[in-house]
Amino acid sequence: MSTSVIIPAAGSGVRLGEDRPKAFVDLGGATILARTVSSVLAADGLDLDRIVVVVPGELIDAVRSDLAGIDSATIVVTAGGDERTDSVRAGLNHVAGDFVLVHDAARPFTPAAVFHRVVEALRAGFPAVVPGLPVVDTLKRVDDDTVIETVDRAVLRAVQTPQGFHADALAKAYLAADGGVATDDAGLAERAGFGVHVVAGDPDAFKITTPWDLRLARAIAKGWD
Ligand SMILES: Nc1ccn([C@@H]2O[C@H](COP(=O)(O)OP(=O)(O)OP(=O)(O)O)[C@@H](O)[C@H]2O)c(=O)n1
Ligand SMILES: C[C@](O)(CO)[C@H](O)COP(=O)(O)O
């Protein structure tokens, strides 16, 4: 059962606040995107068909040369859209194979074991799979700065990527969305009526979103653990 991986990397990184789109920020001598692509290639056993990298349109040529040294035979580079969902939708035009994983460029340290857990669940027959972590902080629902209630965190998971799908299920979910957006791909699968299975995530799969995350990522890239 072969797998395509879509890597949405077309975001601007407003919350990170660097001088370039987030995926192109340096992380110890390589871009965040190049590190993420390498981590996908390192997760052997996926029966990888292709990697579709979705980037800002004006950076397509630069990305092709940035990634040329990695493994150009399996990499397709294409232009993204305004929202993450639009970028993944653009990537879907280039996938092949039985399974599709959607994996944020902004999660460069995702361990191979997370990819394997997601793909094993797809092979077991689940049409949609997300890695998730228990929530460790106490959560409050608020109205501005007033607490309304404490939420039961036991029933919550913070979900990560890669999110995995049977290819036909993800295509149906995006078709049903009819141009609509969601904060993750599983959200569209849920709306389309697919059951979504949760496997264990990993703290190392954290998303670089804020300047603090980038400091942490650069420390990890230097060998701190
Ligand atoms: N229009 C978009 C928006 C996001 N992404 C990608 O989706 C992933 C997760 O998005 P996020 O971390 O929110 O990135 P940004 O949208 O760039 O962040 P911000 O909201 O701070 O601008 C990232 O790899 C990002 O590049 C994308 O491909 N296309
Ligand atoms: C897809 C995602 O990484 C799952 O946690 C996340 O929703 C993307 O973050 P965004 O801030 O909503 O783009």
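**Two ligands in a predicted model**

Me: A polar side-chain atom of Lys207 is placed 3.4 Å from an oxygen atom of ligand 2. Why is this called a polar contact?

Reply: The term asks for a pair of N or O atoms within 3.5 Å (within protein, one must also be able to donate a hydrogen and the other to accept it, and residues adjacent in sequence count only if both atoms are side-chain atoms), and the 3.4 Å of Lys207 to ligand 2 therefore qualifies. Asp104 also qualifies, with a polar side-chain atom 2.5 Å from an oxygen atom of ligand 2, as does Val159, whose backbone N or O atom is 2.7 Å from a ligand 2 oxygen. Of the 350 Å² of accessible area that ligand 2 has on its own, the protein covers 75% (Shrake-Rupley method, 1.4 Å probe). This is a predicted model, in which local features need pLDDT of at least 70 and side-chain atom pairs pLDDT 80 or more, while totals for chains, interfaces and linings use all residues. Side-chain values use heavy atoms, without hydrogens and water, residues are numbered from 1 along each chain as written, and chains are lettered from A and ligands numbered from 1 in written order.

Me: What makes a residue count as one of those around ligand 2?

Reply: One of its heavy atoms must lie within 4 Å of the ligand, and the residues around ligand 2 include Arg15, Arg84, Arg107, Thr161, Thr183 and Asp184. By class, this shell has one nonpolar, two polar and six charged residues, where Ala, Val, Leu, Ile, Met, Phe, Trp, Tyr, Cys and Pro are nonpolar, Asp, Glu, Lys and Arg charged, and the others, Gly among them, polar.

Me: How do you know that the chain is predicted with confidence?

Reply: On the pLDDT scale (the predictor's confidence in each residue, from 0 to 100), the chain has a mean of 96, and 98% of its residues reach 70 or more. The model scores ipTM 0.98 and pTM 0.97.

Me: What kind of peptide bond joins Thr161 and Pro162?

Reply: The bond is cis, with omega about 10 degrees.
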